[in-house]
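Hi everyone, thanks for coming. Let's walk through one protein together, step by step.

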Amino acid sequence: MNEENYTEQYRGIIMLRKGRKDDEDIWFATVGNQLVSNGVYTTKEELIENLENLSLETVCKIISGAFGRAIELSAKNEKQ
């Protein structure tokens with residue numbers, strides 16, 4: 001995968017994202033607009049390993065991101 005920016009769904013609601021910073025590839029995970037990984041990683045495998053070892057803080061971030069996304073979609077649907 002040589003794409004500069006890349007997004008992949010992981011375990012339902014978590015999105016794995018690849019980007020570039022300072023001419024280096026970085027990987028991170030989000031739910032909605034909430035960063036749920038513990039920082040950024042240089043490989044997708046390192047990111048997945050981080051996500052497999054959930055902490056209470058990570059679970060709270062995932063829930064927060066999911067609620068934020070649900071509220072955002074609900075508000076968007078009400079406007080239509």
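Predicted model: local features only at pLDDT ≥ 70, side-chain atom pairs only at ≥ 80, totals over all residues.

Residues are numbered from 1 along each chain as its sequence is written, and side-chain values use heavy atoms, with hydrogens and water left out.

Now the overall layout. The protein has two helices and four strands, and from the N terminus the order is β-β-β-β-α-α. Helices here are DSSP runs of H or I with at least four residues, strands are runs of E with at least two, and both are numbered from the N terminus. The C-alpha trace spans about 40 × 30 × 20 Å along its principal axes. Of the 80 residues, 26% count as buried.

Let's look inside. In soluble globular proteins, nonpolar side chains tend to be buried together. Here the largest nonpolar core has eleven residues, among them Tyr-10, Trp-27, Leu-47 and Ile-62. By nonpolar core I mean a set of buried Ala, Val, Leu, Ile, Met, Phe, Trp, Tyr and Cys residues joined through side-chain atoms within 4.5 Å. Strand E2 (14–21), strand E3 (24–31) and helix H1 (44–52) each give two or more residues to this core. Which of them gives the most? That is E3, with three residues.

Staying in strand E3, we find Thr-30. Thr-30 is buried, as its relative accessible area is 8%. Its side chain makes a polar contact of 2.8 Å with the side chain of Arg-17. A polar contact is a pair of N or O atoms within 3.5 Å; within protein, one must be able to donate a hydrogen and the other to accept it, and residues adjacent in sequence count only if both atoms are side-chain atoms.

Next, please find the loop between E2 and E3, where Asp-22 and Asp-23 sit. Asp-22 has a positive phi near 50° without being a glycine, and the phi of Asp-23, also not a glycine, is positive at about 60°. Asp-22 is exposed at 66% relative accessible area, and Asp-23 is exposed at 69%.

Finally, the charges. How many salt bridges does the structure hold? There are six, where a salt bridge is a side-chain nitrogen of Lys or Arg within 4 Å of a carboxyl oxygen of Asp or Glu. One of them joins Glu-8 and Lys-44, whose closest N and O atoms are 2.6 Å apart. This pair links distant parts of the chain, with Glu-8 in strand E1 (residues 6–10) and Lys-44 in helix H1, 36 residues apart.

Our friend Arg-11 is back, too, in a salt bridge with Glu-52 at 3.1 Å between the closest N and O atoms. Arg-11 lies in the loop between E1 and E2 and Glu-52 in helix H1, so the pair ties together parts 41 residues apart in sequence. Glu-52 is partly exposed, at 42%.

Definitions and conventions: Buried < 20%, exposed > 50% of the residue type's maximum accessible area, 1.4 Å probe, protein only.
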